[in-house]
Amino acid sequence: MDRCAIVIRSDGKTIKLHCSPGDTVSLKDLQGMVEGHIEITPTMLAASWSREKDTDAIVLVINEEGKLKRLPLNQKATDISGIKTYDDVIVGNAILMAARGDELIGLTEEAADNIIKQWKL
């Protein structure tokens, strides 16, 4: 089964990234896409969006030091995030993935397409 991550760039563009090989994206590639060390943050998406029984959550992978580095605002990622305070935001590129315990996994292609369509990413 093909798995995908959804890259939500701070410039508003969205890219569906195929996980290859396997069902995840390497740490090195995640760090490259967010331009630094990664941090996992929750989203408002229920785990059921993954359309798999063994998924615990849908999360965003972001730059751990993005605000310190003054990376640009990522409004789409902020909108989908689980941020509960009005004055907090996501900055820089973000990657939407599923989580199974402490493991990050790609979404099924069907789930990725559905999220992109429903959330107008």
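The legends below describe close-up views of a predicted model.

Residues are numbered from 1 along each chain as its sequence is written, and side-chain values use heavy atoms, with hydrogens and water left out. Because the model is predicted, local features need pLDDT of at least 70 and side-chain atom pairs count only at pLDDT 80 or more, while totals for chains, interfaces and linings use all residues.

**View 1. The largest nonpolar core has 19 residues.** A nonpolar core is a set of buried Ala, Val, Leu, Ile, Met, Phe, Trp, Tyr and Cys residues joined through side-chain atoms within 4.5 Å. Buried means under 20% relative accessible area, exposed over 50%, and partly exposed in between (1.4 Å probe, protein chains only). Ile6, Ile8, Leu60, Ile80, Leu96, Leu107 and Ile115 have the most contacts inside this core. Two or more residues each come from strand S1 (3-8), strand S4 (57-63), helix H2 (75-80), strand S5 (94-100) and helix H3 (109-118). Helices (H or I, at least four residues) and strands (E, at least two) are DSSP runs, numbered from the N terminus. A second, separate core holds 12 residues, including Cys19, Val61, Ala99 and Leu104.

**View 2. Surroundings of Ile80.** Contact means heavy atoms within 4.5 Å. Neighbours within four places in sequence are left aside. The contacts of Ile80 are then Ile8, Thr43, Met44, Leu45, Leu60, Leu96, Trp119 and Leu121.

**View 3. A salt bridge joins Asp113 and Lys16.** A salt bridge is a side-chain nitrogen of Lys or Arg within 4 Å of a carboxyl oxygen of Asp or Glu. By this rule the model has seven. In the Asp113 and Lys16 pair, N to O is 2.6 Å. Asp113 lies in helix H3 and Lys16 in strand S2 (residues 14-18), so the pair ties together parts 97 residues apart in sequence. Asp113 is partly exposed, at 37% relative accessible area. Lys16 is partly exposed too, at 26%.

**View 4. Arg100 forms salt bridges with Asp54 and with Glu103.** The closest N and O atoms of Arg100 and Asp54 are 3.3 Å apart. This pair links distant parts of the chain: Arg100 sits in strand S5, and Asp54 in the loop between strand S3 (38-42) and S4, 46 residues apart. For Arg100 and Glu103, the closest N and O atoms are 4.0 Å apart. Arg100 is partly exposed, with a relative accessible area of 24%. Asp54 is partly exposed at 39%, and Glu103 is partly exposed at 37%. Elsewhere, salt bridges that share partners join Lys16, Glu109 and Asp113 into one network.

**View 5. Buried and exposed residues of helix H3.** Ala111, Ala112, Asn114 and Ile115 are the buried residues of H3. They cover an arc of only 165 degrees around the axis, taken from the directions from the helix axis to the C-beta atoms. That arc puts them on the same side of H3. The cover over these buried residues includes S1, S2, S5 and strand S7 (107-108). Exposed Glu110 and Lys117 lie on the face turned away from the buried side.

**View 6. Positive phi at Arg70 and Lys120.** Most residues other than glycine have a negative phi. Arg70 has phi near 55 degrees. It lies in the loop between S4 and H2. Arg70 is exposed, with a relative accessible area of 75%. Just after H3, Lys120 takes a positive phi of about 50 degrees. Lys120 is exposed, at 68% relative accessible area.
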